[in-house]
2 protein chains.
Amino acid sequence: MSVLIVGSTALDSIKTPKTENPRLLGGSASHAAIAASFFSPVKLVGVVGDDFPKRYIQLYKRHRIDREGLQILPGKTFHWSGEYEVNMNNRRTLLTELGVFETFVPTLPNLHQKSQFVLLANIAPSLQQHVLNQMQRPKFVAADTMDLWLNIALPDLLKLIKRLDAFILNDSEAHQLTREDNVFAALKKIHKLGPKYVIIKKGSHGSILSGPRGFFICPAYPLHTIVDPTGAGDSFVGGLMGYLATAQGSIDENIRRAMIYGSVVASFCCEGFGVMRTTRITKAQIEQRVKELSRLTRF
Amino acid sequence: MSVLIVGSTALDSIKTPKTENPRLLGGSASHAAIAASFFSPVKLVGVVGDDFPKRYIQLYKRHRIDREGLQILPGKTFHWSGEYEVNMNNRRTLLTELGVFETFVPTLPNLHQKSQFVLLANIAPSLQQHVLNQMQRPKFVAADTMDLWLNIALPDLLKLIKRLDAFILNDSEAHQLTREDNVFAALKKIHKLGPKYVIIKKGSHGSILSGPRGFFICPAYPLHTIVDPTGAGDSFVGGLMGYLATAQGSIDENIRRAMIYGSVVASFCCEGFGVMRTTRITKAQIEQRVKELSRLTRF
């Protein structure tokens, strides 16, 4: 089954202590779509300007990503520029030019509205809701978010969370949302907002799922060097949804393994700028790391 | 087989945002010894003053801890007082009275010198070395440390590390020692200092082992509430060494499971002030949490 992925499609200029790379393919939907494409067909919904490099369209194409829902409008593509500190954990935004993204309204082609698996990657929660309003009867809806929406659009976000099967956020966002320092206490509170599955991402410390079968402690794949962590969280949710959409059996049976696959794709994402590494991985390399994660956690 | 545990034996006065408790049984050796006692006989080496409460001697006794190496000297027992912040991660020292600990020289009774499993719990690295100098042919020597010794006794600590089978430290200490932000890069550098096994503790994020069979990602047991994390790291190494000392088979075969047991005892430690919770656990409760950790990480 295919996954519908809605989010931002952007150009990222990224500076790290070692190097800098201008106008990389970025945005939550780009990272998530490429990650999901290793497991299932992807329908991408987003917007780019007429300055969007043709090579990036080709790149979507190589990953067999359906682009019917990708609007190409006169104007500039959303451009984000950021800089990472030495420890690669903290980053600061140098520049945000919204361009055509400023007035983006995600309108779904007919066929897209029947999608069973929907990933609302990080964009404004009002837009995420707008997508949900167009869906017919999705089987499984997951959404990611970011601190910005907790700061400026909390009521919208809370309305959205109620309608989700799975809500995915990182540990600092979970703290901001619940005022709980303890991640398990935070998970409990977030369940009360609606979703059956809550996943808290903890970067290099892995992630935690809370669902009907209890908790799952999902490890991060051990990396000695992080080249660029931008998009790792998006790759995680993308890989997760791609895996879920094609796996046999129930969500409950598959979601742990789906997180492991998401975690593995996210690890590759960190090994290159933008999607440079992610676009070059093979299925065999993914399976290799999944096996290693199994070995690394067995006792 | 028994474990020889050398370290501090202290009285801890601990303040948390919710409550405060004066003159609890504390110190690295006390926590480690009680944790180890669930798995193997323990020989404790330390020093206390003549003000040391009889009930704490009784408590050691109840855990069948050999006290031949516990010196009781005229004067005051080492007293530490600290306060935790709301998130229970950061603590500050309010007071340190060394008392008889100031001139402590760990002298091993004859029988102790033949111990096979030796845990050098956190004390000055010169004292840890002094213990090692008295040992005859130990099979497995592990040591823990703290940031203080990295600051004021680094040359001593480096000499000690060379002589260890296993070195255990927390993530911020690993960063301080190696200047590496990445935990896997830090592990690699620490191996070069000597030890075959290096374990980095990451608090609620679990711990990572690096050894001849590669990495092991050891989860922390999920806790909703942390009453007092003091001694959790000591309980972890204590449980680990206690398990190793009695397990059949090679260290390589057992060390992962030993970390899981250590992690479980540490989780109990966090659920009460001082050793209040740890001293009340049963073997069945430990096994229950080990089983749960296995379920929580399976995929």
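This is a predicted model: local features need pLDDT of at least 70, side-chain atom pairs count only at pLDDT 80 or more; totals for chains, interfaces and linings use all residues.
**A guided reading of a two-chain model**

Cys218(B) lies in strand β13 of chain B. With a relative accessible area of 1%, Cys218(B) is buried, because the term applies to any residue under 20%. Which residues surround Cys218(B), once its neighbours within four places in sequence are left aside? They are His205(B), Gly206(B), Ser207(B), Met259(B), Ile260(B) and Ser263(B).

Chain B is superposed on chain A by a rotation of 180° with 0.0 Å of shift along the axis, and the RMSD is 0.0 Å. The two copies are therefore related as by a two-fold rotation axis. Among the residues of chain B, His205(B) comes closest to that axis, its C-alpha lying at 3.1 Å. Both copies use the same surface, since 100% of the contact residues of chain B recur in chain A.

The interface itself may now be described. In total, 31 residues of chain B are in contact with 31 residues of chain A. The size of an interface is often expressed as the accessible area that is lost when the parts come together. Between chain B and chain A this buried area is about 2600 Å², and carbon and sulfur atoms give 64% of it. Ile217(B), His224(B) and Phe299(B) supply 29% of the area that chain B buries against chain A, more than any other three residues.

What kinds of interaction are found across the interface of chain B and chain A? The rule finds zero salt bridges there, while twelve residue pairs are in polar contact, counting pairs with both residues at pLDDT 80 or more. On the side of chain B that touches chain A, the elements giving two or more residues are α7 (183-191), β13 (214-218), α9 (251-270) and α10 (283-297) of chain B. Strand β13 is the element that holds Cys218(B). The greatest contribution comes from α10(B), with six residues. By residue type, the side of chain B that touches chain A divides into 16 nonpolar, eight polar and seven charged residues.

Attention may next turn to a helix of chain B. Helix α3, residues 125-134 of chain B, is mostly covered, with seven of its ten residues buried. These are Pro125(B), Leu127(B), Gln128(B), Gln129(B), Val131(B), Leu132(B) and Gln134(B). The elements that cover them include β1 (3-6), β8 (117-120), β9 (140-144), α4 (147-152) and α5 (154-162) of chain B.

The last stop is in chain A, where Thr77(A) is found in the loop between β5 (65-73) and β6 (79-84). Is Thr77(A) buried or exposed? Thr77(A) is buried, because its relative accessible area of 2% is under 20%. The side chain of Thr77(A) takes part in two kinds of pairing: with the backbone nitrogen of Gly49(A), at 2.9 Å, and with the side chain of Asp51(A), in a polar contact of 2.6 Å. Not counting residues up to four places away in sequence, Thr77(A) touches several residues, including Thr9(A), Ala10(A), Leu11(A), Val48(A), Phe52(A), Glu97(A), Leu98(A) and Val100(A).

Methods. Residues are numbered from 1 along each chain as its sequence is written. Chains are lettered from A and ligands numbered from 1 in the order in which they are written. Side-chain values use heavy atoms; hydrogens and water are left out. Contact means heavy atoms within 4.5 Å. Buried area is the accessible area (1.4 Å probe) that two parts lose on being put together, summed over both. A salt bridge is a side-chain nitrogen of Lys or Arg within 4 Å of a carboxyl oxygen of Asp or Glu. A polar contact is a pair of N or O atoms within 3.5 Å; within protein, one must be able to donate a hydrogen and the other to accept it, and residues adjacent in sequence count only if both atoms are side-chain atoms. Helices (H or I, at least four residues) and strands (E, at least two) are DSSP runs, numbered from the N terminus. Ala, Val, Leu, Ile, Met, Phe, Trp, Tyr, Cys and Pro count as nonpolar, Asp, Glu, Lys and Arg as charged, and the others, Gly among them, as polar. Buried means under 20% relative accessible area, exposed over 50%, partly exposed in between (1.4 Å probe, protein chains only). Copies are superposed by least squares on the C-alpha atoms of residues with pLDDT of at least 70 in both.
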